[in-house]
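Hi there,

Here is the structure I promised to pass on, with the sequence alongside. Could you load it in your viewer before reading the rest?

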Amino acid sequence: MVVLTVKTETVDTDKMSYQLYRNTTLGNSLQESLDEFIQARFISPQLALTVLLKFDKAINDALSNKTRNKMSFKGHLNTYRFCDNVWTFVLNDVEFKHGEVADKVKVVAVDGRSAVPSTSQD
């Protein structure tokens with residue numbers, strides 16, 4: 001049985017902006033909209049990239065500086081991985097503090113204090 005406590009940490013977003021949140025519903029929707037604008041020639045690919053970089057910075061800043069939430073849950077650890085200063089945990093039969101239950105949960109944790117984000121662009 002594994003018990004994890006998750007809390008947000010303050011990250012200096014002027015120095016780094018992770019691209020983790022591009023794979024969220026909001027990030028995917030933004031990318032699809034930008035692709036449509038590029039295909040319709042409303043914006044250039046360079047402007048779309050600038051918008052994505054601003055999104056990365058804004059979402060990282062909002063989650064780092066404007067949230068003070070803590071979440072506790074417990075579950076059975078299925079797999080874990082540590083690569084490039086990123087921890088990935090997959091848990092089964094997860095029970096959250098307020099009684100919600102999930103069959104499977106994937107947790108991706110990045111230490112924003114010491115990690116340097118990838119400079120490659122999508």
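Predicted model: local features only at pLDDT ≥ 70, side-chain atom pairs only at ≥ 80, totals over all residues.

Let me begin with helix α2, which runs over residues 45-65.

Which residues of α2 are buried? They are A48, L52, F55, D56, I59, N60 and S64. These residues cover an arc of only 145° around the axis, which means that they sit on the same side of α2. Q46 and K54, on the other side of the helix, are exposed. Part of the cover over the buried residues of α2 comes from α1, residues 25-39.

One of those buried residues, D56, also takes part in the salt bridge, and there is 1 in the structure. The partner of D56 is R22, and the closest N and O atoms of the pair are 2.5 Å apart. The two residues are 34 apart in the chain, so the pair links distant parts of it: R22 belongs to the loop between β1 (2-7) and α1, whereas D56 belongs to helix α2.

Are the two partners buried or exposed? R22 has a relative accessible area of 3%, so it is buried. D56 has a relative accessibility of 1% and therefore counts as buried too. The cut-off behind both calls is under 20% relative accessible area.

How values were computed
Residues numbered from 1 in each chain as written. Heavy atoms only, no water. Helix = DSSP H or I, 4+ residues; strand = E, 2+ residues; numbered from the N terminus. Expected span 1.5 Å × (residues − 1). Buried < 20%, exposed > 50% of the residue type's maximum accessible area, 1.4 Å probe, protein only. Arc of directions from axis to C-beta. Contact = heavy atoms within 4.5 Å. Salt bridge = Lys/Arg side-chain N within 4 Å of Asp/Glu carboxyl O.
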